[in-house]
Amino acid sequence: MGVVAAMTVALTAAPLVGTAQAYGAASGSLSFSGEPGEPISGGQSYGYTAGAVQLFDVQGSRDENSLTVAVDADQGTLWRLIVAAPDGQKLTEGTTYTGAKQWPYAQPADPELVFSGIDNGTEKGCNTNSGSFTIEHIAFGPYGYVHELDATFEQYCNGSTVPLRGEVHAVMPEPPVVLTMGMNTDPSGTVDVRDHQITVGGTVTCNKPASVSLTGQVFQIQKKATPGATYGTTVACTPGAPVPWSVSLTSQEPGTSFQPGTATMRSKARADDRDYGVTVDSGQQESEVTLSKA
């Protein structure tokens, strides 16, 4: 694999599975250097600080196994540091990970490390690498959100005996609140005896804005038939007070129709927590609904 292909892997295929959206660091720095002959640094020293660059972000995987440090200095200059513990392990404070290799060449028992970038339009990457890194301090928030990080790393590129050495320090903003959501169904509904259309509903609650998807079914056990219908609707939930929702349905079972009386309603609510890239699911709820004449 050539340098360009290696760069594509390093910059677009980090070994992170499910990360939160990008946030700028509250404070942070990335510095690295190498002696003459080191391929990425070219024997130079580099240093960047949060607030003086376009992007300084740290993202962790939900399982706390890996993280990526992204620094976009200006047009045509960006750097990525990707580190991961062996498969099934979490990055642990005070641990030095030796024998690290570049994804995708690392085996499941190997830690992973790759540092690469683009410097003034020139791609800087390794076909193969080896090295080590130390997690001096790390503080995780929900879903692998990296709140604080202090780490050092050492990388040998393309079999070179001259290392690149660097360190990163970052304090990210306070982790966003995790989405919590509630759903209730009204114990009463209406049925129009002319067209046998029923209207049922309830409320949803949330602790931060979310688009809540509601799905479910309503059925009614009668002496000679069982009318039923499925539904789906979306509610723009905002915190502060329960947000009402309702749906109007007619039976989807041929030759049947809803009548005044008791029906069964099964409902489920789902919403994406965009801060963390996860979906919150209420689970299925079942309740009785009394249908009265409209």
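Q: Leaving aside its neighbours within four places in sequence, with which residues is Thr-77 in contact?
A: This is a predicted model, in which local features need pLDDT of at least 70, side-chain atom pairs count only at pLDDT 80 or more, and totals for chains, interfaces and linings use all residues. Residues are numbered from 1 along each chain as its sequence is written, and side-chain values use heavy atoms, with hydrogens and water left out. Contact means heavy atoms within 4.5 Å. Once neighbours within four places in sequence are set aside, the residues in contact with Thr-77 are Tyr-48, Val-71, Asp-72, Ile-118, Asp-119 and Asn-120.

Q: Does Thr-77 count as buried or exposed?
A: Thr-77 belongs to strand S5, residues 77-84; helices (H or I, at least four residues) and strands (E, at least two) are DSSP runs, numbered from the N terminus. Buried means under 20% relative accessible area, exposed over 50%, and partly exposed in between, with a 1.4 Å probe and protein chains only. Because its relative accessibility is 5%, Thr-77 counts as buried.

Q: How many of the eight residues of S5 are buried?
A: Strand S5 is largely enclosed by the rest of the structure. The reason lies in how many of its eight residues are buried, and that number is seven.

Q: Which residue of S5 is the bridge partner of Val-71?
A: Two strands pair if DSSP finds at least two bridges between them. S4 (residues 66-74) and S5 run antiparallel and are joined by eight bridges. Their hairpin has two residues between the strands, and Gly-76 takes a positive phi near 90° there. In S5, Val-71 has as its bridge partner Trp-79.

Q: Which residue of S7 is the bridge partner of Leu-78?
A: Strand S7 covers residues 112-119 and runs antiparallel to S5, with seven bridges joining the two. In S7, the residue that partners Leu-78 is Ile-118.

Q: What distance separates the C-alpha atoms of Asn-120 and Thr-77?
A: Asn-120 sits in the loop between S7 and strand S8 (122-124), and Asn-120 counts as exposed, at 61% relative accessibility. Not counting residues up to four places away in sequence, Asn-120 touches Gly-76 and Thr-77. Asn-120 and Thr-77 are 43 residues apart along the chain, and their C-alpha atoms are separated by 5.1 Å.

Q: What is the relative accessible area of Gly-144?
A: Gly-144 is found in the loop between strand S9 (129-140) and S10. Beyond its neighbours within four places in sequence, Gly-144 is in contact with Gly-60, Ser-61, Arg-62 and Glu-64. Gly-144 is buried, because its relative accessible area is 1%.

Q: Which residues does Arg-165 link to through a salt bridge, and in which strand does the partner lie?
A: A salt bridge is a side-chain nitrogen of Lys or Arg within 4 Å of a carboxyl oxygen of Asp or Glu. The side chain of Arg-165 meets that of Glu-154 at 2.7 Å, N to O. Arg-165 is in strand S11 (residues 164-171), 11 residues away from its partner, Glu-154 in strand S10.

Q: Which residues are joined with Lys-208 into one network of salt bridges?
A: Lys-208 meets Asp-273 in a salt bridge of 2.8 Å, N to O, and both Asp-273 and Lys-208 are buried. Lys-208 also forms a salt bridge with Asp-275, whose closest N and O atoms are 2.7 Å apart. These salt bridges share partners, and the residues joined with Lys-208 into one network are Asp-273 and Asp-275.
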